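I opened a new structure today and kept notes as I went.

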Amino acid sequence: MNARFVALCLILSAVYSAPSGAEDANVALTSEIPSLEGVWVLDMDGERASMVVYQTGSDLAGACTGDNPEPWNAVMAGSVSGGGVDLFALSIQDGVGVMIEILGEENGGAIRGSFVQADSLGGWRMGNLTGFKTSPDTSAYEPA
């Protein structure tokens, strides 16, 4: 029984480590994904925020900051697929947990779409969002 288990492990190892066409497909898909990495300025129905985006393939991560009603910082994660952008930012603002979801389309260094903001007290708002990449250099980002 031990020998069968070892043989099965070796076979599975050989099958899953063999090169496949999927790696070539991933490279092709990655070339079609827009680069969002950099520093962005967002306008969420009159409220401004800044964000820094780090990108690995279609995965996005970073940070976001704003100053309404008081200065705040958030962590951010999301993804980009084709031109579609989906980001989530989580923060604590004045002792209240706040989540912002951004849905939009990237086109030529700009994001246009919508946002939904909800907090741990049950408050929420939604609206239109526009964003512009101000720099591809992520070191230019400054938290609140």
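**Entry 1: Gln55.** I looked up what the side chain of Gln55 reaches in this predicted model. It reaches the backbone nitrogen of Leu36 at 2.6 Å. The side chain of Gln55 also reaches the backbone oxygen of Gly57, at 2.9 Å. I placed Gln55 in strand β2, residues 47–56.

Is Gln55 buried or exposed? Its relative accessible area is 17%. Buried means under 20%, so Gln55 counts as buried. I then listed the contacts of Gln55, leaving aside neighbours within four places in sequence. They are Ile33, Pro34, Ser35, Leu36, Glu37, Leu60 and Val80.

**Entry 2: Leu36.** I turned to Leu36, whose backbone nitrogen Gln55 reaches. With neighbours within four places in sequence again left out, Leu36 is in contact with Val53, Gln55, Leu60, Val80, Val85, Glu106, Ile111 and Lys133.

Which residues have the most contacts inside the largest nonpolar core? I found Leu36, Met51 and Ile100. This core has 23 residues. Two or more residues each come from β1 (38–44), β2, β3, β4, β5 (84–93), β6 (96–106) and β7 (110–119). β4 gives the largest share, four residues.

**Entry 3: the barrel.** Next I followed the strands around. Eight of them close into a barrel, in the order β1-β2-β3-β4-β5-β6-β7-β8, with antiparallel pairing. From one strand to the next, the twist averages 30°. I noted a general point here: strands of a sheet pair through backbone hydrogen bonds, either parallel or antiparallel.

**Entry 4: β1 and its partners.** How many residues of β1 are buried? I got six of its seven, so I wrote the strand down as mostly covered. β1 pairs with β2 in the antiparallel sense over seven bridges. In that pairing, Asp43 stands opposite Arg48 in β2. The two strands form a hairpin with two residues between them. Asp45 sits in the turn and has a positive phi of about 50°.

I then checked β1 against strand β8, residues 124–135. These two pair in the antiparallel sense over six bridges. Val41 stands opposite Phe132 in β8.

**Entry 5: β3 and β4.** I ended with strand β3 (residues 59–66) and strand β4 (residues 72–81). They pair in the antiparallel sense over eight bridges. Cys64 stands opposite Ala74 in β4.

Key: Residues are numbered from 1 along each chain as its sequence is written. This is a predicted model: local features need pLDDT of at least 70, side-chain atom pairs count only at pLDDT 80 or more; totals for chains, interfaces and linings use all residues. Side-chain values use heavy atoms; hydrogens and water are left out. Two strands pair if DSSP finds at least two bridges between them. Axes are lines fitted to C-alpha atoms, for helices over the stretch in contact, and angles run from 0 to 180 degrees between N-to-C directions. Buried means under 20% relative accessible area, exposed over 50%, partly exposed in between (1.4 Å probe, protein chains only). A polar contact is a pair of N or O atoms within 3.5 Å; within protein, one must be able to donate a hydrogen and the other to accept it, and residues adjacent in sequence count only if both atoms are side-chain atoms. Contact means heavy atoms within 4.5 Å. A nonpolar core is a set of buried Ala, Val, Leu, Ile, Met, Phe, Trp, Tyr and Cys residues joined through side-chain atoms within 4.5 Å.
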